[in-house]
Each structure stands twice: as C-alpha cells, then as structure tokens.
Amino acid sequence: VSTQSTWGWKSMNPWFGNWTQLSFHRRTRTHERLTLQKEATVGLSGALDLGSNYFEAGYEIRDLQPGDGMQVSDALQGDVGESDKAYIRHVYQSSNLRMKKGRSVPEGYSFVARNELTGGVCTLKNEVKADYYLPIPDTPFTISSHIKLGSIFPFAGHVRVPVLDRFLLDNTYVRNYTAIGPGAADLLNVHSRHSEMTGGNVLAAAAVSVNFPLPIIGEKLPELPFNGHVFFNTGNLDYNTVPSQVLNQDYLKKFLSGSKASVGAGVTWPIYQGRLEINFGIPVDVNKRAHIKEFSNAAFQKWRFGFTWCG
C-alpha cells in the first residue's frame with residue numbers, strides 16, 4: 001500500500017532540453033514483505049529531460065519503523081529509524097518500436113539504462129533492460145526476447161545496501177513466481193518456512209515469448225488489443241555486497257545454477273510500458289530437481305493474473 005503527494009513546477013525549456021522540473025514529494029508506504037513495514041519519506045528533486053537522456057538530482061529523508069507488534073529482524077537492524085539519501089540519477093532510453101499494419105504486436109527494439117549515485121548511504125546502482133520484437137514473415141507470430149540486469153554496490157567504507165534501495169524479483173519478470181531471492185519461499189521444499197523478503201543487489205532475468213493474435217477475440221472485438229503467447233522466463237536475485245566475491249566465474253556459475261524458471265501460456269493486454277496478463281505456468285528447475293506437482297503456493301502459482309514488464 002502506497003500513497004504519495006507531489007508538488008512541483010514544470011516548464012518547457014528549449015535551451016536545456018524538452019523540460020525541466022522542480023518538485024517536493026511526501027510518501028507513505030506499507031511494506032507487507034518486511035518487518036519494517038512503515039515507511040515515511042519526504043524529498044526534494046530537480047529534473048532535466050534531454051530527450052534520450054534524463055537527469056535528476058535530489059535529497060530524501062526516509063523513516064522506517066516496524067509494523068505493529070513486530071520485532072525487527074537482524075537483517076534489517078541497520079535500516080530502523082531515520083536516514084537521509086542524496087542522489088544523482090541518469091536514465092538513457094533508445095527505441096525504434098513501431099506497429100505495422102495487420103500486426104497486434106510491435107516490432108523493433110527498446111533499450112533503457114539507469115544509473116544512480118547516492119551520498120549518505122553511498123551506493124552505486126546500475127540497471128539495464130532490453131527488449132527485441134521480431135515478426136516471423138508471412139505469419140501472424142512475433143518472437144520477443146527480453147533481458148534485465150542490475151547491480152548495487154556500496155562504497156566509501158559502507159558495507160550494506162539499504163533495504164529501500166534493493167531490487168525485488170517476482171511475477172513482474174519471472175512469471176507465476178511470488179518472489180525470488182533472499183527470504184523467498186523454497187520451491188523445492190513445500191514444508192520450508194520463508195522469512196521476510198529483503199531484496200537483493202545482484203539481479204538477472206531473461207524471457208522469450210511467441211506472441212500471436214487471438215482470432216476469436218480479434219474478430220468479435222477488433223478494437224481490443226488482446227493477444228495470446230507462450231513463454232519461457234528465468235531469473236535470479238542475490239545479496240552480496242563484496243564486488244570481488246561477485247565478479248568472478250565461480251560466483252556466476254552458482255548464481256546461474258540457482259536461477260528459477262517457468263514455462264507457460266496466457267492472454268495479454270498491453271498497457272503503459274508493460275502488459276496485463278493471465279497466465280498458466282509450470283515451474284522449471286534448472287537442475288531438474290523439481291517435480292511439477294510438488295511446489296508451494298507461497299512460492300509459485302499455476303494461475304496468475306498481474307502486470308509484467310516483459311512481453
């Protein structure tokens with residue numbers, strides 16, 4: 001649950017890009033997955049849009065408190081109370097996505113890179129997302145591939161990434177999974193207990209889909225952009241803030257072997273920068289240890305309705 005109020009000034013600026021903006025925001029949020037459930041944040045920021053490049057600098061004061069009657073876990077003791085964050089953020093975007101006549105899925109590519117340097121908490125965050133849509137000639141089918149990579153590392157003597165700045169990985173990228181990464185329920189042990197999902201600082205996810213129009217819906221309701229798809233996706237999320245331990249071949253092998261994956265099919269409806277989907281999925285374990293009928297509802301749901309960032 002989240003509420004945010006923003007007051008700002010925005011102006012078109014022909015000398016310094018498309019527009020500039022100054023804003024003040026106040027945000028309250030309830031984090032159901034954490035023992036530190038209550039967040040209250042106030043901040044001030046300035047932004048400059050140069051078309052393909054977006055720059056933002058800001059300052060925030062954030063307060064995290066435990067939920068009613070909850071005891072804060074050891075993993076989040078360093079996040080209790082008030083902290084401040086100054087940041088410089090850069091976003092680069094490039095895309096040639098276009099919709100051809102007679103097609104229900106775009107073709108082309110989209111690329112987004114985000115970088116954030118913070119003071120106070122002293123972290124460097126890098127994130128990239130790429131999508132590519134390739135229509136199959138003389139057929140209504142389109143193959144789409146998607147990848148998302150991210151890392152956050154502390155510096156200047158700091159050894160941890162604040163929980164509010166970490167990545168989360170779930171059905172948004174790896175379909176039908178409730179959560180992946182530190183604290184998530186164990187797909188391979190239906191009786192295992194899972195703790196709060198604190199997020200991670202090393203992320204990788206990939207997906208491949210075959211997309212196609214739905215003949216019945218397309219004939220009856222041609223104005224609605226419903227499509228069918230079959231998919232395979234995989235991903236992993238880890239928390240390790242020591243670069244020398246992460247940037248090596250042994251860690252990469254361990255990270256990839258711990259990835260979660262799923263295959264399935266569903267119905268999609270494109271909306272702002274993503275899609276609403278109803279999917280039926282089956283979990284796939286990269287080490288072939290999982291059995292299709294043996295998984296916990298806390299970890300994976302066969303039927304799932306929700307928003308995804310990949311097509």
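Let's begin inside the protein, with its largest cavity: the residues lining this space divide into seven nonpolar, three polar and one charged. Please keep in mind that this is a predicted model.

**Cavities**
- A search through the whole structure turns up three cavities of 30 Å³ or more.
- The largest cavity holds about 50 Å³ of space.
- Its lining is made up of R33, L168, L169, A179, I180, G181, P182, M197, T198, G199 and L237.

**The second largest pocket**
- This pocket has a volume of about 370 Å³, and 21 residues line it.
- Nearest the centre of the pocket are V202, L203, A204, L252 and F255.

**A look at T118**
- You will find T118 in strand β6, which covers residues 108-119.
- Is T118 buried or exposed? T118 counts as buried because its relative accessible area is 3%, and the cut-off for buried is under 20%.
- The side chain of T118 makes a polar contact of 2.8 Å with the side chain of T123.
- Setting aside neighbours within four places in sequence, T118 has contacts with K85, A86, Y87, T123 and F155.

**A look at Q77**
- Q77 sits in the loop that runs between β4 (53-65) and β5 (81-95).
- With a relative accessible area of 45%, Q77 is partly exposed, because that value falls between the 20% and 50% cut-offs.
- How far apart in space are Q77 and L36, C-alpha to C-alpha? The distance is 9.2 Å, while in sequence these two residues are 41 residues apart.

**The protein as a whole**
- Three helices and 13 strands form the secondary structure of the protein.
- The protein has 311 residues, and 41% of them are buried.
- Taking contacts between residues at least 6 apart in sequence, 63% join residues at least 24 apart.

Note on methods
Residues numbered from 1 in each chain as written. Predicted model: local features only at pLDDT ≥ 70, side-chain atom pairs only at ≥ 80, totals over all residues. Heavy atoms only, no water. Helix = DSSP H or I, 4+ residues; strand = E, 2+ residues; numbered from the N terminus. Buried < 20%, exposed > 50% of the residue type's maximum accessible area, 1.4 Å probe, protein only. Polar contact = N/O pair within 3.5 Å; in protein donor to acceptor, adjacent residues only side chain to side chain. Contact = heavy atoms within 4.5 Å. 1 Å grid on protein atoms, 1.4 Å probe; cavity = no way out; pocket = protein on both sides within 12 Å on 5 of 7 lines; lining within 4 Å. Points joined across faces, edges and corners; volume = space filled by probe spheres on them. Nonpolar A, V, L, I, M, F, W, Y, C, P; charged D, E, K, R; others polar.
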